[in-house]
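Please examine the protein shown below.

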Amino acid sequence: MGRNGQDKALRMPRSLGWLAISAGALISASLLSACGGASAAGGGGSTTITLYSGQHPQLTTAIVSAFEKQTGINVKVRSDDGIVLADQILQEGSHSPADVYLTENSPEMMLLTQHHLLTTLPSSITSQIPAGYNSPTGNWVAISLRVSALAYDPSRASGSQLPASILDLATPQWKGKVAFSPTDSDFVPLLGGVIATYGQTAALNWLRGLKANATSFADIESVVAAVNKGNASVGIINQYYWYRIQRELGAGNTHSKLYFFPNRDVGGLENISGAAVLASSSHKSAAEKLVSFLVSAQAERILASGDTFEYPVRPGIAPNPALMPLSQVNPAVLSVVKLGDDLPAASLLQQAGLT
């Protein structure tokens, strides 16, 4: 995904043009700017499987290349936003050409599980990752973690001025100071976390307060850029966006800082990226080999050594040394069941007039 092989997280919008619920309780989504079409990764061997990937293309390419070299199995990669791909799988149903689904947030996988579109993974795969990160029904396995946070301009807000809770950003004192992207797919699970923690009424009021207070951007990349340019005091992001803009601009040109909410406030929600084999796959053995590789020490080291700035979930694999240790971040941890799927969040975004 991305033009000329560039990382979508830096170059391509990841926002959703709209997000709605159909009569059949399915999630529908499309990108304002498409992130590219299907592409094939090279490799030998007679077996070819198709991967629908919502992960970052450079990471996906590196892992797929290593897998192909090790196994001789070809992998066709279709890259897009994770919610867009989940919607596509829902519409394709048992006729989906996908064998493996890889996405950045657990709600999409929970939604596909509810519709019986994911097969049960063998314990030889799921047991490699601590059970609390995985599907409770064994239908998908965790790959990596990210944490919601704020980017902030220290010349406009710092220290005691920063909010103790993400709910504070909807209060009058923050009017005109906040940047966010309500239709970016990484904002949707954060809203889901607010719903799960405080209820739908409080979450809707929070959204309406944000709408009144904040400047809305098409994607989180634009949110980080706005804060870094001094156009907003704070911006609601996932932590890896800040590390990526620092990598792109260099420390000397990075004028913003990263803030993690204290006391496990839901504003610091831990997000789980994971992978699954589709129930409709006609190449389940090869597909399971790819998912098993995704959670292997080799693949987790590729993730940690790259510049995606996500936390590996496999025990014993150290994250990128640039990252603050997860134990110090102390994120809010919600079970994947409590966080649920994206549908309640999609409904509230519509009610608040943000889609």
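The points below go from the whole chain to single side chains.

This is a predicted model, in which local features need pLDDT of at least 70 and side-chain atom pairs count only at pLDDT 80 or more, while totals for chains, interfaces and linings use all residues. Residues are numbered from 1 along each chain as its sequence is written, and side-chain values use heavy atoms, with hydrogens and water left out.

**Overall build**
- The protein contains 14 helices and 13 strands, which are DSSP runs (H or I, at least four residues, for helices; E, at least two, for strands) numbered from the N terminus.
- Among its 355 residues, 58% are buried (under 20% relative accessible area, 1.4 Å probe, protein chains only).

**Aromatic pairs**
- There are eight aromatic pairs in the structure; rings of Phe, Tyr and Trp (its six-membered ring) pair if their centres lie within 6.5 Å, and planes under 30 degrees apart are stacked, over 60 edge-to-face and the rest tilted.
- One of them is the tilted pair of Phe67 and Phe293, at 5.7 Å centre to centre and 55° between the planes.
- Because Phe67 belongs to helix 2 (residues 57-71) and Phe293 to helix 10 (residues 284-294), this pair ties together parts 226 residues apart in sequence.
- Phe67 is buried at 1% relative accessibility, and Phe293 is buried at 5%.
- The ring planes of Trp242 and Tyr243 stand at 80° with centres 5.3 Å apart, so this pair is edge-to-face.
- Trp242 is buried, at 10% relative accessible area, as is Tyr243, at 7%.

**Aromatic cluster**
- Tyr152, Tyr259 and Phe261 make up one aromatic cluster.

Key. Buried < 20%, exposed > 50% of the residue type's maximum accessible area, 1.4 Å probe, protein only.
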